[in-house]
Amino acid sequence: MKFNKWALGCTVLFPIIFGYLYRNSDVVVLVVDYGNRCMSFWFVALIVIFMGFCAVFGSLLHYMLPRKRASEGVVVVNETEEEQTLNISSDNDNASSVIKKHRISESTPAETNNAVILDDSSNHSTSTTLAEIPIMALGDSNQTDIDEDLHSRQLAVYGRETMRRLFASNILVSGIQGLGAEIAKNLILAGVKSVTLHDEGTVELWDLSSNFIFSENDVGKNRALASVQKLQELNNAVVISTLTTKLTKERLSDFQDLLKLTDLQTPVTGVLLYSLISVLIKPLSSMTTVIIISHPSLSSEQKLEAFLAPCFVTLVLSLQFLMLMERNHAQASLHPLAMTSPALVSCVDDERLEFQDGDLVVFSEVHGMTQLNDGKPRKIKNARPYSFTLEEDTTNYGTYVKGGIVTQVKQPKLLNFKPLREAIKDPGDFLLSDFSKFDRPPLLHLAFQALDKFVSELGRFPVAASEEDAQKLISVATSINDSFGDGKVEDINPKLLRHFAFGARAVLNPMAAMFGGIVGQEVVKACSGKFHPLFQFFYFDSVESLPTEPLDSSEFKPINSRYDAQISVFGAKLQKKLEDTKLFIVGSGALGCEFLKNVALMGVSCGDQGKLTITDDDVIEKSNLSRQFLFRDWNIGQAKSTVAASAASSINPCLNIEALQNRVGPETENVFDDNFWENLSVVINALDNVNARLYVDQRCLYFQKPLLESGTLGAKCNTQMVIPHLTENYGASRDPPEKQAPMCTVHSFPHNIDHCLTWARSEFEGLLEKTPAEVNAYLSNPAEYTTAMTNAGDAQARDNLERVLECLDREKCETFQDCITWARLKFEDYFSNRVKQLIYTFPEDAATSTGAPFWSAPKRFPHPLQFSAADPSHLHFVMAASMLRAETFGIPVPGWAKNPKLLAEAVDKVIVPEFQPKNDARIVTDEKATTLSTASVDDAAVINDLIMKLEQCRKNLPPEFRMKPIQFEKDDDTNYHMDMIAGLANMRARNYSIPEVDKLKAKFIAGRIIPAIATSTAMATGLVCLELYKVLDGGHKLEDYRNTFANLALPLFSMAEPVPPKVMKHRDMSWTVWDRWILKGNPTLRDLIEWLKQKGLNAYSISCGSCLLFNSMFPRHRERMDKKVVDLAREVAKVELPPYRRHLDVVVACEDDEDNDIDIPLVSIYFR
């Protein structure tokens, strides 16, 4: 009876308690650009009722209230009346820092702000005061499982803890026009907990210029409702809901603990889109008011206008916010330390420091000067590539002996933000993107205030191309500027304000894409505390994208098409050029998907004369789905280009697109022939490797086609414009090659986890791929294989034969127990015997030939491991290795292999021979050595002996016996590849006292995973498409184009003019790398020489490929003078000219009349 009463009480009370906790626990980020809210009331109610009935079963109650632990990287908030203490554990280490924050009084009027909700369709606004609510920006992480196959590239940027915070974040996107759709897309791909789409307006034809979600069939439907299905397809793990009524205090009450970001979804003031983003975040765990701004039209008291292209971020109304500065840890090994004041610290030459002045570092493993090992963070200054100084007197410290590691430590950074209303009046410093427009941000700040007043007075935006409206806006701006007194803008630039007025209503897709990336990243920062927030105003404009020639006002009139918004900015002539463009997009991955979406919305290649060709030889994998948003899970395994082309056609059915599955390279020049390249208007690269980029660059250079280049790396992105005759080509400058660790370091003297993982992958491939492949090569054709080895007769051939013999003889496996024996002995060999031999050859007190300690930085003295079945990492290595070994021999894996107890029993049966060190062991220490194999005078005799032994082994094998080579695959967590590699690397790291890593981190390094996120990709493609307007319009000068480097994590935006090509001159002629001299009419050799003679050039050598067609020094070459150049190429150079080839290229060496060598362009001989 007591149980029944208790159960009834729980049934009634638990929903109430759970609902209260729910309303006060979720981390919520509101992104305002007009959307909806994350979880419907009824859905929550059902969950609450269900949980209430579960309370009947009292044994479950305890498990419904889990505690969070600081050791799991969670912020633990301990509230008292006086203060709140937060223990923050970073993603990469267990060090915690304690930060005290003062409570903000709920009764302070200054800290209560109005929520402003502006309806995009009605231009009306309402204001509501919202209750202040606590926020847990860095703390409300949960233990949600992360799909590492799906989010691996994003995990490489954010880390697990940040991803967990994202998974716990509820987002409200208010305003589902172009910018809102872009932000929602990026956040859904990132994997937030829920997204609520709010919009009261209906879809208009005008929206189709910038919104990839809508089609013409959606016109007249509510924007939020029309968006749900397509956005849900991006990520089924995200809960997407809608809200189609006005936002009120009650509606927002579900969004507690507000980390709030508002993005003013508004115009692209012409090309100058705006995106005001107002991220309103309170200091950790305090009270704040929600401010939502969703339209550019703000009254003088309640509104802020969206600028040409501004972002505004206010992260705390209380003026403080704790933001973790999360750069990757930098670490270096020390050189001998001097006892000086201030202390000078030098590091080994092979490790360039990534420290900056003001960074904090800690020391460890310093022998002698042990005072530095106290774990105390020390600030550095005078940072140099290999040294820095400390403001510390070390003269009284102990004498340095050896060793030492210096590691950068991350510290929370306290930022002081102004509230929105105050920042309007006093914006402070602006974040610049283009230093050639140093005076532009203050003017844009003024322009948007003028636009706000214009809209408030007239109830509408300025009409495109209306001089009257433009003059009205300029007059308003002048009046506002005069009221600023000493703080007024000196030059209000009427021409810029005129452009501003003309494009005030339009939303352009490239601007929406760019700011969708920026705003999306700010939301991620708000949710997770990862990376530095935008502080506070950022303005961007691309006025240079506008047509260079003046246009008649009739050019801007709407024509009732989906491109009307774009026409209102650029005019109908440029729209026609866009539609007739012949575009080639190379690659349809993350960049390619974004480009296809952008150009489809812009109308590129959508006319009768236009055509878009896209090619990619890759197929869709699961890991692509978190960034390559045109793909769905049911597309896995299909060709990327075909699926992407189909998706792009659904965005704009008028798109004339052809999808190919060819790699662009020399081997496909029959597909991408001369005619193909000559007919192109522009090429956009969406590639992920340098070699492919260089090839496309050479093709564009050869055929003089514009190339728009871009790339991303994590939160970084860059764009480069390659414009014929205006800029240098992509290959004109290259990044230096990545420095590779010496082979001896990787194999015998590792000092960081990268070395261990490089070695581990090399061993994996050698044991499981290369050796089985060698075995099969031998068994397939023994005579040919042994003959090849005999003819080679070198150390490499000897090593190959030794590995094959070892695999078929001493280490041959017939049962799974044999595989376990092999794995156990490999553990002993790698992590015990080899280390024992190394320290036997080089004891801890060993010295070099100069008398210096052999084991000095960066070398780390190793220690052998003692195998223990009780150590899970030891046993897991044996399990993974034995299962993979069984796979190579085709041996079934028994079910008990994954049972730790039974596996340990099988391992205990293995007899491990006692190690005996060798006195003649040779260990490579030369950093310049490229191989560990050593040649011997008797290699030939050893090879013959090995071949004889192999023949004996082969006779004992079944005729059909073959091994199964295993090719490394990083993205399948069920194949045990990464388990073995991580095991190899971590056991080796344990040998050398190097910090170990988990399997995910091992996958990033060993799998060479390139960090990637959707936000930086979106920004890069938006910037490129702004340049595409300039390219297709024509007539733009070099100074109109922009190359960009951006880092959304800092944030940093750097734009600059492209570099012009180098100009060469001769007489009255000049040329650059873009020029190619063309001679038509199928000329003879004499014709070519005479043609050059007329230019004042004396040709003394003519070559085709690597063959010499003519050289003036050889008398017999004069007999070729009357032969056709093409016939000489076929006869002498053996050039094959397929039917699609109409010309061949020759290189001519010339000199002028003064015998000075002149470098001339490539000469193309047209013979058809």
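Predicted model: local features only at pLDDT ≥ 70, side-chain atom pairs only at ≥ 80, totals over all residues.
Arginine 990 belongs to helix α27 (residues 977-991), whereas aspartate 871 lies in the loop between α23 and α24, so the pair ties together parts 119 residues apart in sequence. Elsewhere, salt bridges with shared partners join Asp434, Lys437, Arg440, Asp541, Glu544 and Arg1042 into one network.

The whole structure holds 58 salt bridges. One of them pairs lysine 246 with glutamate 200, and the closest N and O atoms are 3.7 Å apart. Both residues are in loops: lysine 246 between β9 (239-243) and α7 (249-252), glutamate 200 between β8 (194-198) and α6 (223-232). The pair therefore ties together parts that are 46 residues apart in sequence. Lysine 246 is partly exposed, with a relative accessible area of 36%.

A further salt bridge joins glutamate 467 and arginine 498, with 2.6 Å between the closest N and O atoms. It links distant parts of the chain, 31 residues apart: glutamate 467 is in helix α10 (residues 467-482) and arginine 498 in helix α11 (residues 494-502). Glutamate 467 counts as partly exposed at 37% relative accessibility. Arginine 498 also counts as partly exposed, at 30%.

Helix packing was examined for α22 (residues 795-808) and α26 (residues 939-955). Their axes come within 10 Å and cross at roughly 25°. Because angles under 35 degrees count as roughly parallel, α22 is roughly parallel to α26. The crossing is left-handed. On the α22 side, the contact includes Ala795, Leu801 and Leu808; on the α26 side, it includes Asp939, Leu946 and Cys953. The contact residues divide into 12 nonpolar, no polar and 4 charged.

Backbone geometry was examined next. Most residues other than glycine have a negative phi, and most peptide bonds are trans. Asparagine 560 has a positive phi of about 60°. It lies in the loop between β24 (537-539) and α13 (564-570) and counts as exposed at 65% relative accessibility. Lysine 1134 has a positive phi of about 55°. Its loop runs between α31 (1125-1131) and β38 (1143-1151), and at 63% relative accessibility lysine 1134 counts as exposed.

A cis peptide bond joins alanine 857 to proline 858, with omega about 10°. Proline 858 is in the loop between α23 (816-841) and α24 (872-889). Leucine 1050 and proline 1051 are likewise joined by a cis peptide bond, with omega about -15°. Proline 1051 is in the loop between β31 (1043-1047) and β32 (1052-1056).

Terms used: Residues numbered from 1 in each chain as written. Heavy atoms only, no water. Axes fitted to C-alpha atoms, helices over the stretch in contact; angles between N-to-C directions. Helix = DSSP H or I, 4+ residues; strand = E, 2+ residues; numbered from the N terminus. Parallel < 35°, antiparallel > 145°, perpendicular 65-115°, else oblique. Left-handed = near helix turned anticlockwise from the far one by under 90°. Contact = heavy atoms within 4.5 Å. Nonpolar A, V, L, I, M, F, W, Y, C, P; charged D, E, K, R; others polar. Buried < 20%, exposed > 50% of the residue type's maximum accessible area, 1.4 Å probe, protein only. Salt bridge = Lys/Arg side-chain N within 4 Å of Asp/Glu carboxyl O.
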